Amino acid sequence: MPTFTMAEALNRALRDEMESDDRVVVFGEDVGVLGGVFRVTDGLQSKFGPERCFDTPLAESAIIGAAIGFALYDYRPVPEMQFDAFAYPAFEQIVSHMAKYHNRTRGAIRLPITVRVPYGGGIGSVELHCESPETYWVHTAGLKVVTPGTTEDAYRLLRQAIRSDDPVVFLEPKRRYWMREELEIPVSDHLPMDRALVRREGSDVTLLAYGPMVKTALEAAQVGLDMGWDIEVVDLRSLNPLDEDTILGSIQKTGRCVVVHEASMTLGMGAEISARITELAFYHLEAPVLRATGFDTPYPPAKLEDYWLPDVDRILDFVERASAY
Amino acid sequence: MAFEDRVSINRSGSKLPVLVHDSTGQEPVTVAAKRRGTLKPLDDPSAIVKDRSERMEKKKPKLPAVLDKVWKVPHPMDLLPSEEPIQLLTPDGELQENKDYPLDLSDEDFRSLYRYLILTRRIDKEGINLQRQGQLGIYTSCLGQEGAQVGSAYALGREDWIFPSYREHGVARVREVDPVRLFHHSRGTWISDHDPREWRFAPQTVPIATHLVHAAGLAMAAKFDGDPIVVIAYFGDGANSEGDAHEGMNFASIFGAPLIFFCQNNGWALSVPVERQISAPTIAHRGISYGMPGVRIDGNDVLASYAVTKKLVERARNGGGPALIEALTYRMEAHSTADDPTRYVPQEEHDQWASQDPISRFETFMKDRELLNSELVDGVEKEALEMSTRVRNELYDAPHGDPLEVFDHVYVDPPRHFERQREQLRGEIERLRATDGEED
């Protein structure tokens, strides 16, 4: 079976979607001639021409604003924010316009925009290149937020996101860009964008992870086996909406749950998931829902990030605490 | 160093003399010379210009084809506004034609402009009245700005896109979007109640300048499609301070987008005067920094607004790229019905502008041309009355709509947990109605 890195799979998804729909356009900073700083848009300009994949001035607000204009004109834009924190200048365009236009116009205008954002840490980079800002987007009504944890999902989810008639914030776990896995194209399209997936079945504790932490959670489950825990790993895939059925199905089985994410703890995904589980499956719980996350501090300097990021040890510490109830 | 010299060096950014066109029609002079008051022509100004163009030509980078098509170094002289704002109708209503901005309007067009001006003023009055009577939550009047709005909008084709702010009632009249639909915005029935694609009239925008980047994107998309439409975006003097104004103008010029930036400089951004927003000589001067022409017009002159917009619209339609128009006008009413301008607007300034009314100026012109007969006046008055009566009837005590609709348009494909929240609200409404029933 052929293998792809996640970056290559994303590139292939963009290429295949641009091929099948000539209204798909890709633009952003350095996405054209260079092919993107992570090469996710590599070769698109030479294949599809400079009107379908082009470099923009350094102006994130205008990149998203222009995407809205393109969508008003019936295009299906896929703008790129070069790094997670670089999307902040576009915050108003994303939150006040992209997310609200369909509602504002009483359903008259759809904005099928997919904003690609490399996110998360673990690559030894400088300040504001390692943020996990998913809560901002998940908290905003009108947006869908998805993030792949595997190479196959990167390909499948990106194609589905581009085809979605709702605006999607597509979070790419940048530390997994170089992760190489098997990928057979075409992939089955039976798995909808808003479904979570049980990546590893287990009976003792559920790990709920997404994006960059899926791989870490699977590693923790493997190590946990030696310590006597049969750990189930659920890959959320979609952060908004949340697949409650899959989450609750797993909780009903294990009664114990640890949510894992790089983002800071307070009001992170773990907070919402914990609240939902408590509301919807209280009597199935054997232990409080715990959170193995980044700390409530700014993302640390590169030399300290290994201490800050959740890893196998931190995850298993929380598994142990959950098991102790 | 004298203040004037400092300013000229700062603005030119180098010791090269900056050329400005002298309104007297003489040769170009340096900014510094002009500021010193010695209007002495350079020996050979064309030599400097030529030298500069050649240098810029050499610097031309190798670019992808799409950019190569639009990359051209405009002549600085073509981008600066003229010394005096463009005016075709004097405040006395006298027509003074301008060869740069020819007027291609027939008597029928003049009657149409008159009709739109009167309808605008009438619906604007109705907006204020409806707010005072509690029918609208808030209203932002365009009183005094009708000339700028009607003239510029009249220069557009029906296929051209309009991106308004929240004060473009005159523009909406020319596009003939139903005022009832637009007033539902400030009534609070729904945020935007017309189909923007059908009317090519984007939703009224509350945040300042954020629609300028949408307009840039749509204009780029149309250009890429080879669609000969033009986009116009309306904004105010205060909007120039926003980042999106800069980003929108920069995007439009980089991609040669067919987009007209129409700035109504009405003197006030809520309570802050224009000189606290921008320190360029004029707003139109910003055009040159984006490589686009900046033109300053008398915004209370409907014919200047039409002629200048028309010329720049056709320029954009023919691939000439974006342009910036600064229309000098005045906000004769409060910023909104929630505002109290007596706290900051000097009465004498307000009175001065009152004598510059765009409609009475145009009426004088129409009278002099013997176009303003009682048939026209009475006909338009009757139509204005019927329109405002209809708007009033359709809005007065209009139902608030279904609260459950708040869930209907958030997503094309709504998340499943919406159903729980919808059920919750449905239950709350039912209990409320049951309680109301008991009280009756």
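**A predicted model, chain by chain**

Of the 325 residues of chain A, 58% count as buried (20 or more other C-beta atoms within 10 Å of a residue's own; exposed means 12 or fewer, partly exposed in between, with C-beta atoms placed from the backbone). This is a predicted model, where local features need pLDDT of at least 70, side-chain atom pairs count only at pLDDT 80 or more, and totals for chains, interfaces and linings use all residues. Residues are numbered from 1 along each chain as its sequence is written, while chains are lettered from A and ligands numbered from 1 in the order in which they are written.

Trainee: What radius of gyration does chain A have?
Mentor: The radius is taken over C-alpha atoms, and the globule rule is 2.2 Å times the number of residues to the power 0.38. For 325 residues, a compact globule would come near 20 Å. Chain A agrees with that, at 19 Å.

Trainee: How many helices and strands does chain A have?
Mentor: Both are DSSP runs, numbered from the N terminus: helices are H or I with at least four residues, strands are E with at least two. In chain A that gives 12 helices and 14 strands.

Trainee: How far apart are the C-alpha centres of domain 1 and domain 2 of chain A?
Mentor: Domain bounds come from an automatic or database domain assignment. Domain 1 of chain A covers 3-182 and domain 2 covers 197-324. Their C-alpha centres are separated by 26 Å.

Trainee: How many residues does each domain of chain A give to the contact?
Mentor: Two residues are in contact if their C-beta atoms, placed from the backbone, lie within 7 Å. On the domain 1 side, α6 (134-138), β6 (144-146), α7 (151-163) and β7 (168-173) of chain A each supply at least two residues. Domain 1 of chain A gives 25 residues, and domain 2 of chain A gives 21.

Trainee: Which element supplies the largest share of the side of chain A that touches chain B?
Mentor: Here 39 residues of chain A are in contact with 39 residues of chain B. α3 (60-72), α4 (91-98) and α5 (101-104) of chain A each supply at least two residues of the chain A side. The largest share, 9 residues, comes from α3(A).

Trainee: Which elements of chain A pack against the buried residues of α8(A)?
Mentor: Helix α8 of chain A runs over residues 213-226. Its buried residues include A:Met213, A:Leu218 and A:Gly224. They pack against β9 (197-200), β10 (205-209), β11 (231-235), β13 (257-264) and α12 (312-324) of chain A.

Trainee: Which residues of α10(A) are exposed on the other side from the buried ones?
Mentor: In α10(A), A:Met269, A:Gly270, A:Ile273 and A:Ile277 are buried. They cover an arc of only 90° around the axis, so they sit on the same side of α10(A); the arc is that of the directions from the helix axis to the C-beta atoms. On the other side, the exposed residues are A:Ala275, A:Thr278 and A:Glu279.

Trainee: Is B:Tyr101 buried or exposed?
Mentor: B:Tyr101 lies in the loop between α5 (76-79) and α6 (107-132) of chain B. Not counting residues up to four places away in sequence, B:Tyr101 touches B:Ile86, B:Ala307, B:Val308 and B:Lys311. With 20 C-beta neighbours inside 10 Å, B:Tyr101 counts as buried.

Definitions and conventions: The expected span of a helix is 1.5 Å times one less than its number of residues.
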